[in-house]
Amino acid sequence: MSIIRTSLKLFLFGAVTVLVVLLLRHWMATKQYVFNKEDVAKLAKQYAGQDHEQAFSKVVVELRKRYPGHILPDEDLQWVFVNAGGWMGSMCLLHASVTEYLLLFGTAVDTGGHSGRYWAEISDTIISGTFRQWKEGTTKSEIYYPGDTIVHSVGEATSVQWSAGTWMVEYGRGFIPSTLGFALADTLFSTQDFLTMFYTVRVYVKGMLLEAGTLLTEAGVF
């Protein structure tokens with residue numbers, strides 16, 4: 001009887017998991033998003049080749065004009081280290097929700113490693129520097145330059161490499177919590193830089209709260 005009960009529990013767990021996944025897929029396929037990757041890439045490309053700090057300032061100003069209430073205020077913008085997949089970079093989160101994020105990303109040193117494999121599509125538009133990508137199943141890598149946009153598809157895994165001084169604008173769409181395990185794993189199990197982990201979680205929560213407040217305001221609750 002214990003075997004039957006265990007089998008039933010496993011079956012129910014599997015059925016619930018499949019149902020949740022299907023519901024999430026349907027919701028993400030039909031919901032209305034704040035951003036789209038083409039608009040973000042087009043905006044970032046306008047400032048490609050410029051000094052990255054000046055370019056980022058212009059990008060943030062323009063994003064606030066286009067998407068009021070969806071970009072974190074200056075006092076909440078913070079550059080935070082990211083250790084993941086063997087590489088080390090820094091990010092400045094601009095927007096976060098369950099299904100979207102928008103951030104500035106880059107590195108001041110040469111770095112590279114594993115891209116991660118996500119239930120999300122991620123696109124990066126390069127402002128300065130170079131980015132090299134080696135796709136799974138191939139024997140050659142490709143290199144990208146300022147103005148180029150690289151799209152990392154759902155479920156895709158690649159080897160990635162940034163040259164020192166590479167900075168980009170990154171937009172992700174999908175089930176964003178699925179990316180957090182990879183983003184925090186090296187910090188948790190390798191560097192044990194728990195202050196950085198705190199900064200990462202805090203800014204993500206701030207982005208979620210801002211988005212929730214904006215949605216409630218637009219719905220007329222406030």
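1. Ground rules. Since this is a prediction, local features need pLDDT of at least 70 and side-chain atom pairs count only at pLDDT 80 or more, while totals for chains, interfaces and linings use all residues. Residues are numbered from 1 along each chain as its sequence is written, and side-chain values use heavy atoms, with hydrogens and water left out.

2. The helix pair. Take H4 (residues 177-191) and H5 (residues 194-218): their axes come within 9 Å and cross at roughly 160°. Axes here are lines fitted to C-alpha atoms, for helices over the stretch in contact, with angles from 0 to 180 degrees between N-to-C directions. Helices (H or I, at least four residues) and strands (E, at least two) are DSSP runs, numbered from the N terminus. H4 and H5 are therefore roughly antiparallel to each other (the label for angles over 145 degrees).

3. Who touches whom. On the H4 side you'll find Pro177, Leu180, Leu184, Thr187 and Leu188, which meet Phe194, Met197, Thr200, Val201 and Tyr204 of H5. Contact means heavy atoms within 4.5 Å. Sorted by class, the contact of H4 with H5 has eight nonpolar, two polar and no charged residues. Nonpolar means Ala, Val, Leu, Ile, Met, Phe, Trp, Tyr, Cys and Pro; charged means Asp, Glu, Lys and Arg; the others, Gly among them, are polar.

4. H5 by itself. The 25 residues of H5 should span 36 Å at 1.5 Å a residue, and its end C-alpha atoms are 36 Å apart, which agrees (the expected span is 1.5 Å times one less than the number of residues). Its buried residues are Thr196, Met197, Thr200, Val203, Tyr204, Gly207, Glu211 and Thr214. Buried means under 20% relative accessible area, exposed over 50%, partly exposed in between (1.4 Å probe, protein chains only). Their cover includes strand S1 (79-84), strand S2 (87-96) and H4. Just after H5, Gly220 takes a positive phi of about 85°.

5. Pro146. Look for Pro146 in the loop between strand S7 (142-144) and strand S8 (149-152). Pro146 counts as partly exposed, at 37% relative accessibility. Leaving aside neighbours within four places in sequence, Pro146 is in contact with Ala48, Gly49, Ile126, Ile127, Ser128 and Gly129.

6. Ser123. This serine is found in strand S5 (residues 120-128). With 6% relative accessibility, Ser123 counts as buried. Not counting residues up to four places away in sequence, Ser123 touches Lys37, Thr149, Ile150, Val151, Val169, Glu170 and Tyr171.

Terms used. Angles under 35 degrees count as roughly parallel, over 145 as roughly antiparallel, 65 to 115 as roughly perpendicular and the rest as oblique.
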